[in-house]
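Hello,

Here is the structure we talked about handing over. My notes on it follow below.

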Amino acid sequence: MYNMWHVARWEFRNRFRSRSYLFNTFISPFIFTMLFLLPLYFSTNQQPTGVKLIGIVDMTEEKNMADRLSSALERSYRLENQLSEYGIYTISIRNVPEYRELQRDLKDVQAQYDSLNRLHNRIKKERTAYFTQKKLPNRQFSLDRSYERLREVREEKELVGIELQRYKTAMDSMYAREARVIADSLILSRVLSAYLVFSPDFVKSGRVEYHARETNDLLDSERLEKTLQRLIVHSRLRALKIEPRKVRDVMRPIHLEKYKIRGRDEEEWNVYAQFYGPLIGVFLLFIAIFSSGGYLFSGLMMEKNNRVIEVLLSYARPLEIMGGKILGMGAVGLTQVLIWMAITITLTVSGLIPGSKSLSYLNFTNGFYFILYFSLGYLFYGALFMTLGSIFSNEYDAQQVNQLLRMVAIFPVLLSLLVVINPSSLWIRLLSYIPFLTPSFMILRIPLSDQPLTTDIWITVIIMTVAILLTIGVAARLFRVTMLMLGKKPTWTEVLYWIRRSA
Amino acid sequence: MQSNKKKSENSPLLLKVDSISKDYNGVTAVDELSFTVEPGHVFALLGPNGAGKTSVMRMIMDIIRPDKGAIFLNDEPRQRLKRKHFGYLPEERGLYPHARVLDMLIYFGVLNGMARRTAEIEAIRFLDRFGLVDYSDHPLHYLSKGMQQKVQFIAALLHKPDVLILDEPFTGLDPINQIALREILEEYKKEGKLILLSTHQMEMAEKMCDRICMIHAGKKVIDAPLSEIKEKFNDHTYLVRADHAMETLHNTDGVEVLEAGSDGVKFRLNRAERIPEILKLLSAKHPVKLFQMLEPSLHDIFIHLIRDESEAKHV
């Protein structure tokens, strides 16, 4: 077994000094982390550089939504120079000729209606006078006559009222239509960032349309939604005749302080920090396992193809070579993990990781688990790569299986949301017991779980150990037979035959 | 037991291959093959492509195990022996293309039980001998094919093995380096170490080897000293250079003229004892400039034997 250390040393030294290792240790994790964090950072911390103009299509009777929204947004969102981050622009269609004509007609009808209304009131007043002055001569005649006039005027007023309503409806629908056309063109010409359409009954229905070039601008839509929520609830409370002071009191913002229960201790909960941290951890674990496993695999394929393996087999026993390679590459991966840990500790201690107070999972226990699952995962996948590397002589065939293994190993990331919701659900637990998935799932589950996963950790460690022993056993049986075979793709029957025969 | 070991260490080396067989998925590569390699001789394992030579060498190197039979070095089973006793130059050369020459040789030396420093010193010594010392810090892919071949040879020799197994050692070497290699092998032979080589260059085998084992389809065809084989296949062919010798030979009973050319007349005698009589006859009639006995070349013996074997197998 003395040669095992020499093989391990050689593999470690050669790989540790390679450019691909430096890339995988420093550049790849940086890129991965940035891929996660940058969109998150920009969506939450991006400093606004200018005022965003929000258009308003206000179809309410009061036509005061622009003012209300403007002051509400100004109170909450300001630029560095204290100007409001959002400007409100009421979309007007006054210059549209059809609308102006309609407006002129409406004015006439409105004047007519007002005049009839005044007349109607005057007649009512006269009738009241006739009614109260009982000694008035021809009182009955005056009452009858005024009644006749009142009826006529009322009928005419009702007809003009209907006409007035018709005009108003026509104007509203024209406004709704034309205002949208104007607002759309303003958005396309990038004058407006977005526009809102307030229907006449928006307070009752609670529906406000939001139109923007990109509806996935989560920050703006979320802010507007929050502000409108406040305004609508405010209006509803006012409609219930609640005093303004009381309304202000009721509308006082609520801040939810989130705490996560961990046995007796509680910790502040930040969904981004808690979720993205373990996810980055899984990716790092994936990089560490598969870069070391990949080196093992490609090294083996190279040695097999250029026949170094025959020379090595003449110098050392197959088990020494296999063990040395697994150990050497394991040391490469472990060094990588330790470098990352050192970087993480340095960044945490120096306060360069923002919100590191919420990153309570950055502790030594979890560091130990990371190393544990890296070692188990690496040994398992390393032995698998060793088996595949020895069976396949064609790099293309071997790479296909390699890709499949990578896809399987990264599978837990696809289910990460389910793990966040319930890291100890039955399905997640069962999936964690599959050796291919164990390391990734456990690295995700341990920091996300509400309670310690001691039982699952023991179960998975036992399962992984058994799986590793079995895989190494198979690899060892195949290694001597298959390493010298080139140019022929073995069938699975042959592989099984070799495994049985070497037993 | 210790004294036994000591005794075994002091006694001359002897590699014994005892009835080994190897089967690959129903195809017999080596069939009940036995031979012995003794010190002071270069042992050649010859045979056509696919005869099983590489399999035999790999079994001696314990890279693969025989299905039947065993291999012994001084009565010690091969599997119990440390690999450092053996040096191997495989037919398909295998080196790390991106590793530095010296680093790689040290690595191979260390794997063979050498101390790191000793391996370094020995590697530099060998590199110097082969004119490669200036390349010791270069990556291997920087070297020409011939130079890589020499590095591979150094890797096999570096740890001074007791048994040297060389598969096609002369391939890719220029004549000067072939001579250098022969010199080293001669030294090895003198030191009483065991050398087993396989080659398709029959001239080289004829020049270097003392004992030949020819195999075909995994079976032994012949295993004897080279001189004995040559004697056995001697067909009493002679070359004479003399004016008008052809006519005299044609008219002599028991003589078969094979070929007449500018270098003389090649003929075969029915009995070797008749040489004085023929020489007397020729000298009486013509001035004889040259009379030479022609030995069969290893190349011819190889072709003859393998063809016979193939035909016999076919029948």
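Accessible areas here come from the Shrake-Rupley method with a 1.4 Å probe, and for residues only the protein chains shown count as cover. On that basis chain A has an accessible surface of about 28500 Å², 59% of it belonging to carbon and sulfur atoms.

This is a predicted model, in which local features need pLDDT of at least 70 and side-chain atom pairs count only at pLDDT 80 or more, while totals for chains, interfaces and linings use all residues. Residues are numbered from 1 along each chain as its sequence is written, chains are lettered from A and ligands numbered from 1 in the order in which they are written, and side-chain values use heavy atoms, with hydrogens and water left out.

Of the 503 residues in chain A, 44% are buried (under 20% relative accessible area; exposed is over 50%, partly exposed in between; 1.4 Å probe, protein chains only).

In chain B, helix α5 (residues 145-157) packs against helix α6 (residues 175-190) at about 5°, with the axes 12 Å apart. The two helices are therefore roughly parallel (angles under 35 degrees). Axes are lines fitted to C-alpha atoms, for helices over the stretch in contact, and angles run from 0 to 180 degrees between N-to-C directions. Helices are DSSP runs of H or I with at least four residues, strands runs of E with at least two, numbered from the N terminus.

Two residues other than glycine have positive phi: B:Asp75, near 70°, and B:Glu168, near 50°. B:Asp75 sits in the loop between β4 (68-73) and β5 (76-77) and is exposed at 67% relative accessible area. B:Glu168 sits in the loop between β7 (163-167) and α6 and is buried at 6%.

Regards

Conventions:
Parallel < 35°, antiparallel > 145°, perpendicular 65-115°, else oblique.
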